[in-house]
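Hi everyone, thanks for making time for this one.

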Amino acid sequence: MNCTVISIFFGKRRTFPTNVTETISVLDKYIPYLQELDSGIESDIILANHCCNASDDPNNESLEYLAKVNNLKTKNGIIRVINRPWQNGVGGSFKSFDYAFNHFKDQYDYWFFVEDDVRIFEPNYFLNGKKQLDELEPLNVAYICACAKSFGGCGPTGVTDRLISSEEDYPCDWYAGLHCHGAAGFTHKKYLNKIVEKYGHLPYCEAEIKDGDIPYHCFEVEGEVAFTNIYLKEGYKIALFNQEKFGPHPCPDVSGSHLP
């Protein structure tokens, strides 16, 4: 069995959607779309919700909404909701990924991670990601970057099926290191388990939000970047989704500007 994990958040953030009302309006359009989207293979969708600060949702509208969404059927499985505590804002999307994996790791083999401001567009996205990951396993590839703008801050993005084993292969002038944008992409639980066994959890920023000051730099470097850069550090490779062989990228953009 396989799963797509979408990290979601109903609280305040720096880009749209910025509150509970806006987030519900986005999900009201996106969830019916996801129900009809054929992933190409038996798979569930896990909505990993980071519960927002009580002051941002005093009436628990977000939890009431998610309770209605939980267990809805899709073409390939069901939607499952998991709520993790606010915990002073620790970790953002990437701790939500870790939380979901820790909870469901014995139930799913192949995993696709994506944040809620990056929309999945393409049918058969999961089947094609699995095919490419399986095909590249003999080459020690642990993660497939799913978005068109895949390699964060590092040179051209039009390279097809480029295998990266270190930043010497693909020089990176960004301050934080080579990674898949937004961590959006495919992997297998055996690679995730190896990271958890060594480090105790999947990468995320452990800083708390204090006085409303969100540690975005930490979220980026210790969360978004580290989530896939860690495979390079552990001796694996990461690869761009091969659109010439498998069709358009599952998520063509990472800016969130295309959200409904």
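Let's start with Pro 17, which sits in the loop between β1 and α1. This is a predicted model, so please keep that in mind throughout. The peptide bond leading from Phe 16 into Pro 17 is cis, with omega near 0°. As a reminder, most peptide bonds are trans, and most residues other than glycine have a negative phi.

Asn 60 has a positive phi, near 55°, and is not a glycine. Look for Asn 60 in the loop between β2 and α2. Is Asn 60 buried, partly exposed or exposed? Its relative accessibility is 41%, so Asn 60 counts as partly exposed. Then there is Asn 124, again not a glycine, with a positive phi of about 65°. Asn 124 belongs to the loop between β4 and α4, and at 31% relative accessibility Asn 124 is also classed as partly exposed.

Now let's step back to the whole chain. We have seven helices and eight strands here. Of the 260 residues, 54% are buried. The chain exposes about 11,200 Å², and 47% of that comes from carbon and sulfur atoms. If you take contacts with a separation of 6 or more, 77% of them link residues 24 or more positions apart.

On to the inside. In soluble globular proteins, nonpolar side chains tend to be buried together. Here the largest nonpolar core holds 41 residues, and the members touching the most others are Ile 6, Phe 10, Leu 47, Tyr 65, Phe 112, Ile 144 and Phe 186. Several elements give two or more residues to this core, including β1 (2–8), β2 (43–50), α2 (61–69) and β4 (110–115). Which element gives the largest share? That is α1, with six residues.

If you click on Leu 47, you can follow its contacts beyond the neighbours within four places in sequence: Ile 6, Ile 8, Ile 31, Leu 66, Val 69, Ile 79, Arg 80, Val 81 and Ile 82.

At least two lining residues come from each of β1, α3 (92–104) and α6 (216–233). By class, that lining splits into ten nonpolar, 15 polar and ten charged residues.

As for cavities, there are two of 30 Å³ or more. The largest cavity has a volume of about 60 Å³, and its lining consists of Leu 34, Leu 37, Ser 39, Ser 43, Ile 45, Thr 74, Asn 76 and Tyr 125. How many of those are charged? None: the lining has four nonpolar and four polar residues.

One last stop, on α1, where we find Glu 36. Glu 36 has a relative accessible area of 54%, so it counts as exposed. Glu 36 and Lys 75 are 39 residues apart in sequence, yet their C-alpha atoms are 5.9 Å apart in space.

That's my tour, and I'm happy to take questions.

Note on methods. Residues numbered from 1 in each chain as written. Predicted model: local features only at pLDDT ≥ 70, side-chain atom pairs only at ≥ 80, totals over all residues. Heavy atoms only, no water. 1 Å grid on protein atoms, 1.4 Å probe; cavity = no way out; pocket = protein on both sides within 12 Å on 5 of 7 lines; lining within 4 Å. Points joined across faces, edges and corners; volume = space filled by probe spheres on them. Nonpolar A, V, L, I, M, F, W, Y, C, P; charged D, E, K, R; others polar. Helix = DSSP H or I, 4+ residues; strand = E, 2+ residues; numbered from the N terminus. Buried < 20%, exposed > 50% of the residue type's maximum accessible area, 1.4 Å probe, protein only. Contact = heavy atoms within 4.5 Å. Areas by Shrake-Rupley, 256 points an atom, 1.4 Å probe, with all protein chains shown as cover. Core = buried A, V, L, I, M, F, W, Y, C linked by side-chain atoms within 4.5 Å.
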